[in-house]
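Subject: Structure for your review

Dear colleague,

I am handing over the structure below and would be grateful if you would look through it alongside the notes that follow.

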Amino acid sequence: MKKLLQLVFGDWRNSCAVAAALALAWLASRAWPQLGGWALAPALLLAAWWQASR
């Protein structure tokens, strides 16, 4: 659990990437309700890629 919290809240880039991923998933679920939670996984993967590329 400690590693997960450190990954999410480690620095400002991590926090921004996770917030952006959650916002993107929320917007996708509002636009296309049938997507539900399926939009969260690709959004989090995109956020992880963004974090790793910097």
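**What was found**

L44 is partly exposed, with a relative accessible area of 37%, where partly exposed lies between buried (under 20% relative accessible area) and exposed (over 50%), using a 1.4 Å probe and protein chains only. Please bear in mind that this is a predicted model, in which local features need pLDDT of at least 70 and side-chain atom pairs count only at pLDDT 80 or more, while totals for chains, interfaces and linings use all residues. Residues are numbered from 1 along each chain as its sequence is written, and side-chain values use heavy atoms, with hydrogens and water left out.

On confidence, pLDDT (the predictor's confidence in each residue, from 0 to 100) averages 75 over the protein, and 83% of the residues score at least 70. Helix α1 (residues 2-9) has the lowest confidence, at a mean of 66, whereas α2 has the highest, at 80. Where pLDDT is low, the predicted coordinates should not be read in detail.

The protein has three helices and zero strands, so that from the N terminus on the elements run α-α-α; helices (H or I, at least four residues) and strands (E, at least two) are DSSP runs, numbered from the N terminus. Of the 54 residues, 20% count as buried. The protein exposes about 4,400 Å², of which carbon and sulfur atoms supply 72%, the areas coming from the Shrake-Rupley method with a 1.4 Å probe and, for residues, with only the protein chains shown counting as cover.

The largest nonpolar core consists of seven residues, A17, A21, A25, A28, A39, A43 and A47. Such a core is a set of buried Ala, Val, Leu, Ile, Met, Phe, Trp, Tyr and Cys residues joined through side-chain atoms within 4.5 Å. Two or more of the core residues come from each of α2 (12-31) and α3 (40-52), and α2 gives the largest share, four residues.

Leaving aside residues up to four places away in sequence, A17 touches A47, W50 and Q51, and A39 touches A25 and A28; contact means heavy atoms within 4.5 Å.

L44 itself is found in helix α3, and together with L22 and L40 it makes a nonpolar surface patch of about 220 Å². Computed from C-alpha to C-alpha is how the separations below are stated, and these values are computed: L44 and L22 are 22 residues apart in sequence and 7.6 Å apart in space, C-alpha to C-alpha, while A17 and L44 are 27 residues apart in sequence and 8.2 Å apart in space, C-alpha to C-alpha. Patches are made of residues with over 30% relative accessible area and no salt bridge, with like charges joined within 9 Å and nonpolar side chains (Val, Leu, Ile, Met, Phe, Trp, Tyr) within 5 Å; a salt bridge is a side-chain nitrogen of Lys or Arg within 4 Å of a carboxyl oxygen of Asp or Glu.

With best regards
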